[in-house]
Amino acid sequence: GAGASLPAPLYEQWISQYERQHPGIRIDYDAMGSGAGVEQFLAQTVDFAATDVPLTPAEMEQFPEERGDVVQVPMVGSAVVLAYNLDGVDSLQLSRDAYCGIAAGEITTWNDPAIAADNPDANLPNLPITFVHRADSSGTTYIFTNHLNAACDSWAAGAGKVVDWATEVAAPGNAGVTATVQQTAGAIGYVGFAHAEKQFMPMASLENQSGFFIEPSPNSAELATSTLEATNALTTTMPDPTRADAYPIVGLTYLLMYENYSDTTTATAVCDFVKWALADGRPMANALGYAPLSQNLVAQVAEILDLL
């Protein structure tokens, strides 16, 4: 498999544990980004792909008829956080105006009044803000910009896996953005919660739609996903969650599979792994800071897999 880097820490643990319990199965996953994973899937060079953005109708049309329909199912939810590197500032609150302005390149120093107003006790330096974004086609970028598009009056670049940024510093993958922020004083960048948590990076609390500053956490992300209204295809987005206690930037990550595999052994192995991950792998998702699917969604996914 190949694709999204957002769920990669979880997929690595799931695969490692699954292989221990199923010694006859080997699974390789290359976290190359959602866009590249979709390309590999459409080219039929992988058995499954991961993407934080469901396939579009145009992408569906590229799919070879002999493979049947594309099967895409949600696997887990995740907060997309703003991790930062600011010496002496262990706690940071960013209003909508502040983080929208940073992403749009309109707020450029850390002691800007829009940031200082909500952080009266922080020693904010007169230091340039280095905003780090993804260099590759990214589902994490889609989740982040989908939110900006809904929440920010100043945001004009739209939503997508690739957008035209007003700032120049970029890195590949969640791991690349995380490393660049860690290595750059005054940097801030968007990554999946698990990536920032694994590196013990400080993450900003963000103002949600209800006007509350919400600290990123597995619980606040799960609250955002708890009211999801899934479509028949189990694909949906939540650009700006409405719950007062929900973290504002959350998305689902999906697995893409073929309806018709070239051999039944592969089909059985892929489906069994996905069922195992959503059931037995649930505690690992919680431990790493992801938001597990509701039991209702898990049951719907299992029904689809039983038909393959």
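Predicted model: local features only at pLDDT ≥ 70, side-chain atom pairs only at ≥ 80, totals over all residues.
Let me start with Thr225, which, once residues up to four places away in sequence are set aside, touches Met238, Val250 and Ala291, where contact means heavy atoms within 4.5 Å. Thr225 belongs to helix α9, residues 218–225, and helices here are DSSP runs of H or I with at least four residues, strands being runs of E with at least two, both numbered from the N terminus. Thr225 counts as buried because its relative accessibility is 12%; buried means under 20% relative accessible area, exposed over 50%, and partly exposed in between, with a 1.4 Å probe and protein chains only.

Residues are numbered from 1 along each chain as its sequence is written, and side-chain values use heavy atoms, with hydrogens and water left out.

Turning to the chain as a whole, there are 12 helices and 10 strands. The radius of gyration is 19 Å, close to the 19 Å from the globule rule for 308 residues, so the chain is as compact as a globular protein of that length; the radius is taken over C-alpha atoms, and the rule is 2.2 Å times the number of residues to the power 0.38. The C-alpha trace spans about 60 × 35 × 35 Å along its principal axes, and 56% of the 308 residues count as buried. Among contacts with a separation of 6 or more, 71% are between residues 24 or more positions apart.

Which residues touch the most other members of the largest nonpolar core? They are Trp14, Leu94, Ile115 and Phe144, in a core of 104 residues, a nonpolar core being a set of buried Ala, Val, Leu, Ile, Met, Phe, Trp, Tyr and Cys residues joined through side-chain atoms within 4.5 Å. Strand β3, residues 70–84, gives the most to this core, with 11 residues.

If we follow Ile115 and leave aside its neighbours within four places in sequence, its contacts include Leu92, Leu94, Ala98 and Ile102. Ala98 and Ile102 are also among the buried residues of α4, and that helix, residues 96–103, is largely enclosed by the rest of the structure, because 7 of its 8 residues are buried. Just after α4, Gly105 takes a positive phi of about 80°.

Leu256, in strand β10, residues 250–258, counts as buried because its relative accessibility is 0%. Beyond its neighbours within four places in sequence, Leu256 is in contact with residues including Val38, Phe41, Phe48, Val70 and Val71.

Gln44, in the loop between α2 (34–42) and β2 (49–51), has a positive phi of about 60° although it is not a glycine, and with a relative accessible area of 30% Gln44 is partly exposed. Phe200, in the loop between α8 (193–198) and β8 (205–207), likewise has a positive phi, near 55°, in a residue other than glycine. Is Phe200 buried or exposed? Phe200 counts as exposed, because its relative accessibility is 76%.
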